[in-house]
Amino acid sequence: MADTGLKTLMTMDAVSKGFNGKGTTIHVLKDADFRIDRGETIAVVGASGIGKSTLLNIIGTLDRPDSGSVAFQGQDLFSLGDPALAQFRNTRIGFVFQFHYLLQGFTALENVMIPGLIGRKSKKSIEKQALSMLERVGLGSRLFHRVEDLSGGEQQRVAIARALVMKPDLLLADEPTGNLDQQNGRAVHGLLDELNKELGMTMIVVTHNMKLARMMDRCVTIEDARIIPAE
Ligand SMILES: Nc1ncnc2c1ncn2[C@@H]1O[C@H](COP(=O)(O)OP(=O)(O)OP(=O)(O)O)[C@@H](O)[C@H]1O
Ligand SMILES: [Mg+2]
């Protein structure tokens with residue numbers, strides 16, 4: 001039954017997702033249920049290949065499940081067509097990937113403005129928001145640097161600013177510190193923690209880093225194609 005309560009942000013009901021290999025199908029998720037409350041922080045942990053990215057891609061609507069439903073504030077997402085789903089992602093979800101996928105040759109500011117430009121916001125208002133978000137992540141003095149001239153940690157902070165510029169309801173991060181050294185990793189951990197505490201941002205973070213996982217309210221993993229609490 002759809003839960004439209006204020007506390008629940010998202011629910012996954014009996015979601016299955018498999019991939020066809022050579023003559024076999026890998027069932028990554030099978031009748032998996034999951035619930036995300038508003039304001040909570042969740043770590044997704046576990047061995048390589050268990051389906052963490054697959055789960056995140058379905059929650060973020062980058063990938064459609066084979067069966068089952070995903071509801072956001074009670075709305076069944078996968079009954080929407082691709083354009084509506086793209087708009088949902090643009091306004092409601094922020095993504096941070098292990099490899100930041102910033103646009104080379106463009107400045108930090110331009111990169112952070114892109115989601116707003118895609119969302120057809122006025123250039124002035126999106127520039128203002130992008131500026132304040134870059135300041136928020138400690139890059140106020142790097143606005144006009146091209147992203148390839150920034151350090152790895154700075155690039156990841158630009159990616160976080162880009163993920164947050166539309167003020168999403170949910171931040172999804174897939175190994176956000178996987179490619180950073182310890183010091184830059186710690187800076188990104190601190191930033192994620194602040195974002196939750198100060199903005200009440202709901203976030204799901206896939207990580208192999210136990211320090212980051214322990215900072216989250218709860219940890220889950222995938223076992224037998226279901227989502228279960230992790231130790
Ligand atoms: N597009 C695809 N086509 C075929 N198989 C896929 C596809 N995407 C994922 N898989 C398979 O599904 C399983 C889960 O993959 P997924 O990327 O979700 O794992 P993961 O837990 O994120 O791993 P890692 O920690 O290495 O990133 C793997 O066995 C993978 O090979
Ligand atoms: Mg992965």
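**Close-up views of a predicted model**

**View 1. Phe97 counts as partly exposed, because its relative accessibility is 25%.** The limits are under 20% relative accessible area for buried and over 50% for exposed, with partly exposed in between (1.4 Å probe, protein chains only). This is a predicted model, in which local features need pLDDT of at least 70 and side-chain atom pairs pLDDT 80 or more, whereas totals for chains, interfaces and linings use all residues. Residues are numbered from 1 along each chain as its sequence is written, chains are lettered from A and ligands numbered from 1 in the order written, and side-chain values use heavy atoms, without hydrogens and water. Phe95 has a relative accessible area of 15% and is therefore buried. Phe95, Phe97 and Tyr101 are linked by ring pairs into a cluster.

**View 2. The structure contains three aromatic pairs.** Rings of Phe, Tyr and Trp (its six-membered ring) pair if their centres lie within 6.5 Å; planes under 30 degrees apart are stacked, over 60 edge-to-face, and the rest tilted. One of the three pairs joins Phe72 and Phe88 edge-to-face, with 4.9 Å from centre to centre and 75° between the planes. Phe72 belongs to strand S4 (residues 67-72) and Phe88 to helix H2 (residues 82-92), so this pair ties together parts that are 16 residues apart in sequence. Helices (H or I, at least four residues) and strands (E, at least two) are DSSP runs numbered from the N terminus. Phe72 and Phe88 are both buried. Phe95 and Phe97 form a stacked pair, because their ring centres are 5.6 Å apart and their planes lie at 5°.

**View 3. Oxygen atoms of ligand 1 face N or O atoms of Gly51, Ser53 and His208.** For Gly51, a backbone N or O atom lies 3.0 Å from a ligand oxygen. In Ser53 a side-chain N or O atom is 2.9 Å from an oxygen of ligand 1, and in His208 the corresponding side-chain distance is 3.4 Å. On its own, ligand 1 has 640 Å² of accessible area, of which the protein covers 58%. Accessible areas are from the Shrake-Rupley method with a 1.4 Å probe; for residues, only the protein chains shown count as cover.

**View 4. The largest nonpolar core has 39 residues.** Such a core is a set of buried Ala, Val, Leu, Ile, Met, Phe, Trp, Tyr and Cys residues joined through side-chain atoms within 4.5 Å. Leu134, Val158, Ile160, Leu171, Leu192 and Met203 have the most contacts inside this core. At least two core residues come from each of helices H3 (108-118), H4 (123-136), H5 (152-164), H6 (182-199) and H7 (210-215), and likewise from strands S7 (170-174) and S8 (202-206). H5 supplies the largest share of the core, six residues.

**View 5. Arg120 and Asp224 have positive phi values without being glycine.** Phi of Arg120 is near 55°, and this residue lies in the loop between H3 and H4. Arg120 counts as exposed because its relative accessibility is 77%. Phi of Asp224 is about 50°. Asp224 sits in the loop between strand S9 (218-223) and strand S10 (226-229), and it counts as exposed because its relative accessibility is 69%.

**View 6. The side chains of Asp37 and Arg35 make a polar contact at 3.0 Å.** A polar contact is a pair of N or O atoms within 3.5 Å; within protein, one must be able to donate a hydrogen and the other to accept it, and residues adjacent in sequence count only if both atoms are side-chain atoms. Asp37 is part of strand S2 (residues 25-37) and, at 13% relative accessibility, counts as buried.

**View 7. Thr61 is found in the loop between H1 and S4.** Its relative accessibility is 3%, so Thr61 counts as buried. Glu223, in strand S9, counts as partly exposed at 47% relative accessibility. Glu223 and Gly51 are 172 residues apart along the chain, and 9.4 Å separates their C-alpha atoms.
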